[in-house]
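Please view the sequence and the model together while reading.

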Amino acid sequence: MKRLQASRRVLGALTHYLAVSAMWYTPVLYQARAGAHGLAASFSNSMAVRLAVAVGAAASAYAHYRLGVCQRSYMKCLGLSRRGLLESFILASAVWGVFVAAGLAYAVARGLGAGRLYEIYRGNAMTAPGPTWFSDLDPRILPVAASLFWMLTGLLCFSLVQAFILESLPRRPWSPLLAGVLFVAMYNAPLLTGEWKMDDVIVLGMAYPVAYYMARNSIGLIGAYVAVYELPVAAAVLHGWGEGCFRVFVALRAAVASASLLVAPLVVKRLLRSR
């Protein structure tokens with residue numbers, strides 16, 4: 001009986017994933033077709049489309065929840081709770097802390113100063129892709145709009161896909177791997193575009209599922225994703241609020257990521273003890 005229930009939950013998680021993937025891929029296909037006909041090719045990246053996909057994904061998750069795919073409360077099936085919020089934020093931020101440490105090690109090996117690292121990051125922010133509607137907004141509200149936009153994307157990607165799948169799958173060490181592989185296949189759309197974003201594969205497809213598996217909270221993951229990781233958010237700060245605010249923002253990002261990396265082992269030890 002337990003095996004049958006576990007099989008039903010796995011099957012339910014996979015059908016939910018397929019439903020969300022279909023919603024996610026449809027705008028991408030439309031964008032490709034629109035581009036082929038010389039039409040607006042930014043459709044799949046618009047706020048309205050992302051909102052529609054998020055609503056559809058939430059409906060799919062709730063329908064599967066009602067079918068008994070996830071055994072917890074609906075909000076906890078999405079990882080939306082206060083428990084584990086700080087721990088998930090620290091673990092997710094520590095992932096970016098690894099990149100900060102690697103950058104510093106590279107700078108030391110090449111004899112580069114902190115100023116040069118800043119210029120490299122600033123250059124990446126200047127060329128970071130973003131939705132075309134960014135240019136239509138008042139620069140004063142651009143960073144806020146960018147944060148909200150990627151919070152919505154994070155809600156779709158983490159809570160409605162990864163969190164729900166991980167909460168539905170049996171609690172086994174292979175669960176984060178499966179959830180990560182499924183997410184990378186959907187998020188990168190490799191079968192349609194051939195595009196593989198290796199940083200997203202490593203962070204969102206490998207590290208973040210493990211962080212969620214340990215802390216069981218997607219709010220902290222989403223918050224770290226927007227506040228510490230996502231480059232277009234930093235670009236929005238640069239374009240919207242200027243060089244001075246951007247410097248402060250970058251410094252805060254590096255400080256939070258570095259501090260999180262230092263305390264992450266303690267968080268992991270505490271989470272393992274609490275099981």
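## A buried glutamate and its network

E167 is buried, because its relative accessible area is 4%; buried means under 20% relative accessible area, exposed over 50%, and partly exposed in between (1.4 Å probe, protein chains only). The residue is found in helix α6, where helices (H or I, at least four residues) and strands (E, at least two) are DSSP runs, numbered from the N terminus. The model is predicted: local features need pLDDT of at least 70, side-chain atom pairs count only at pLDDT 80 or more, and totals for chains, interfaces and linings use all residues. Residues are numbered from 1 along each chain as its sequence is written, and side-chain values use heavy atoms, with hydrogens and water left out.

Leaving aside neighbours within four places in sequence, E167 is in contact (heavy atoms within 4.5 Å) with R9, C70, R72, K76, C77, Y212 and R216. The side chains of E167 and Y212 make a polar contact at 2.7 Å; such a contact is a pair of N or O atoms within 3.5 Å, where within protein one must be able to donate a hydrogen and the other to accept it, and residues adjacent in sequence count only if both atoms are side-chain atoms. A network of salt bridges links R72, E167 and R216. R216 is in the loop between α9 and α10 (218-229), and at 16% relative accessibility it counts as buried. The phi angle of R216 is near 55°, a positive value in a residue other than glycine.

## Salt bridges between helices and within one

Side chains of opposite charge can pair when their charged atoms come close. A salt bridge is a side-chain nitrogen of Lys or Arg within 4 Å of a carboxyl oxygen of Asp or Glu, and by this rule the count comes to 6.

One of these joins the side chains of R122 and E243 (2.8 Å, N to O). R122 lies in helix α5 (residues 114-126) and E243 in helix α11 (residues 231-274), so the pair ties together parts that are 121 residues apart in sequence. E243 also meets R247 in a salt bridge (3.8 Å, N to O); both lie in helix α11, 4 residues apart, about one turn of the helix. R122 is partly exposed at 24% relative accessibility, as are E243 at 27% and R247 at 44%.

## The nonpolar core

The largest nonpolar core has 73 residues, of which W150, I165, L204, Y208, Y225 and F246 touch the most other members. Such a core is a set of buried Ala, Val, Leu, Ile, Met, Phe, Trp, Tyr and Cys residues joined through side-chain atoms within 4.5 Å. Helix α6 (residues 142-168) gives the most to this core, with 14 residues.

## Two further buried residues

M186 is found in helix α7 (residues 175-187) and is buried at 0% relative accessibility. Although M186 and S21 are 165 residues apart in sequence, they are 5.9 Å apart in space, C-alpha to C-alpha. Beyond four places in sequence, M186 touches Y17, V20, S21, W24, Y25 and V161.

S218 lies in helix α10 and is likewise buried, with a relative accessible area of 0%. The side chain of S218 makes a polar contact with the side chain of S159 (2.9 Å).
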